[in-house]
Amino acid sequence: MNTAPEVRKGLYGVIADYTSVSKVMPETNSLTYRGYAVQDLVENCSFEEVFYLLWNGELPTQEQMDEFNKRGRSYRKLDPGLISLIHSLPTDCHPMDVMRTAVSYMGTKDKEHFTPDADHITHVGHNLLAQLPMAMAMDIRRRQGKDIVAPDSTKGVAENLLSMVFGTDEDSPASNPEDVRDFEKSLILYAEHSFNASTFTGRVITSTRSDVYSAITGAIGALKGPLHGGANEFVMHTMLEIDDPAKAEDWVNNALDNKDLIMGFGHRVYKKGDSRVPSMEKSFRALADRHGGAKWVEMYEKMAATMDARTGIKPNLDFPAGPAYYLLGFPVDFFTPLFVIARVAGWTAHIVEQYQNNSLIRPLSEYNGPEQREVVPMAQR
């Protein structure tokens, strides 16, 4: 009789806890936030409404939304210490390092370091949603030798971020309502995704009763990896490397023949394709129409078709998001920080949930090293 324990590498198929924040519905293959299909939220809601939903479990009334926005936008104040810190960092470090460092700095300013109270976590969430777009915009502009653009408390998250990065002149995406809306849709699609690697990292840290800023810092570290959040920038690096749509099919076939990993395809959770892709692809195509991106659409189609024909593996959200962000004008290395700004919504919702019914997350391992042995003194070795 085999009594060896079953080891699930990567915790594949392991159910670690309950959550009411989000779920992929197997019957419809739809990602849902608090029961609402994300494709419906994208078409009918602002990012702020979705943020409120993830925190509170229900969509807001107009009065609740007004209060949420009023409170959240009150945190949009440039911190001289954060400005100085960001300008002191190397300009050749990865932007995710700057985001991680910014959150750690923000944590040093908060006097309630170990509070599991939901109101305090809400305060942190508002602070992150206000400060991280400013940190990212400052980082982009300092690398380009440009001055800081101050935040605007009259604008939504998406428009405010675009204006801080690109300014407000007529050719800025911040001045085009369609660009703003397509960008906002991407934030909604990236806002939450159950027990993914970064969210689980945040919950593990939270389970030790550490502070919220530590949990978010750890989540950012997990998100940086190319097998998780970093995939969207690797998608665009691949497209820029291919450069010519006529070469896309051969590139994919060669990569598959060499057993190379192709970013932007497949997902552990979805069995019939990522349900977020149609919404993001629609925005990507719209951006391409407005910004002369036919080349990237053709490459996207050829790569997706070749992958499907050879492997049956379909694109995930990162595949259309990468070129969409490129068409908006974001530097490629800043695609994953955009993911951070969106995912703050889901991370903080999960941190609240973890605190409410906490149990230290501490799995076991199956040892496969040497049996216990005696130490031989140096002189006898």
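User: Helices are DSSP runs of H or I with at least four residues, numbered from the N terminus. On that basis, which helix gives the most to the lining of the second largest pocket?

Analyst: The model is predicted. The second largest pocket has a volume of about 440 Å³. Its lining comprises 22 residues, and Leu11, Val14, Arg362, Pro363 and Leu364 lie nearest its centre. The helix that gives the most, with 3 residues spanning part of 197-207, is H9.

User: How many residues of the lining of the second largest pocket are nonpolar?

Analyst: The lining of the second largest pocket holds 22 residues. Divided by class, 6 of them are charged and 3 are polar, while the nonpolar residues number 13.

User: Which helix gives the most to the lining of the largest cavity?

Analyst: The structure holds 1 cavity of 30 Å³ or more, and the volume of the largest cavity is about 80 Å³. Its lining is formed by Glu48, Phe68, Asn69, Gly72, Arg73, Arg76, His126, Leu129, Ala130 and Val157. Two helices, H3 (62-73) and H6 (118-143), each supply at least two of the lining residues. The helix that gives the most, with 4 residues, is H3.

User: How many residues in the lining of the largest cavity are charged?

Analyst: Among the residues that line this cavity are Glu48, Arg73 and Arg76. By class, the lining has 4 nonpolar and 3 polar residues, and the charged residues number 3.

User: Which residue in E2 is the bridge partner of valine 24?

Analyst: The bridges between E1 and E2 number 4. For serine 22, the bridge partner in E2 is tyrosine 33. For valine 24, the bridge partner in E2 is leucine 31.

User: Which residues point the other way from Ser30 and Thr32 in strand E2?

Analyst: In a regular strand the side chains alternate between the two faces of the sheet. Strand E2 covers residues 30-33, and all four of its residues are buried. Ser30 and Thr32 point one way, and the residues that point the other way are Leu31 and Tyr33.

User: Which residue takes a positive phi in the hairpin of E2 and E3?

Analyst: E1 and E2 form a hairpin with 4 residues between them, and in its turn asparagine 29 has a positive phi of about 55°. The hairpin of E2 and E3 has 2 residues between the strands, and the residue with a positive phi, near 50°, is arginine 34.

User: Are the rings of phenylalanine 51 and tryptophan 55 stacked or edge-to-face?

Analyst: A search of the whole structure finds 16 aromatic pairs. In this pair the ring centres are 4.8 Å apart and the planes lie at 80°. Planes over 60 degrees apart meet the cut-off for edge-to-face. The pair of phenylalanine 51 and tryptophan 55 is therefore edge-to-face.

User: Where do phenylalanine 51 and tryptophan 55 both lie?

Analyst: Phenylalanine 51 and tryptophan 55 are both buried. Ring pairs also link them with Phe47, Tyr52 and Phe68 into a cluster. They are 4 residues apart, about one turn of the helix, and the element that holds both (residues 47-56) is helix H2.

User: Are the rings of tyrosine 300 and phenylalanine 319 stacked or edge-to-face?

Analyst: Tyrosine 300 and phenylalanine 319 are both buried. The ring centres of tyrosine 300 and phenylalanine 319 are 4.6 Å apart, with their planes at 20°. The pair links distant parts of the chain, 19 residues apart, with tyrosine 300 in helix H14 (residues 294-311) and phenylalanine 319 in helix H15 (residues 318-328). Planes under 30 degrees apart meet the cut-off, so the pair of tyrosine 300 and phenylalanine 319 is stacked.

User: Is cysteine 93 buried or exposed?

Analyst: The structure holds 0 disulfides. Cysteine 45 has a relative accessibility of 7% and counts as buried. The cut-off for this class is under 20% relative accessible area. The relative accessible area of cysteine 93 is 17%, so cysteine 93 is buried.

Conventions: Residues numbered from 1 in each chain as written. Predicted model: local features only at pLDDT ≥ 70, side-chain atom pairs only at ≥ 80, totals over all residues. Heavy atoms only, no water. 1 Å grid on protein atoms, 1.4 Å probe; cavity = no way out; pocket = protein on both sides within 12 Å on 5 of 7 lines; lining within 4 Å. Points joined across faces, edges and corners; volume = space filled by probe spheres on them. Nonpolar A, V, L, I, M, F, W, Y, C, P; charged D, E, K, R; others polar. Phe/Tyr/Trp six-rings, centres within 6.5 Å; stacked < 30°, edge-to-face > 60°. Buried < 20%, exposed > 50% of the residue type's maximum accessible area, 1.4 Å probe, protein only. Pairing = 2+ DSSP bridges. Disulfide = S-S within 2.5 Å.
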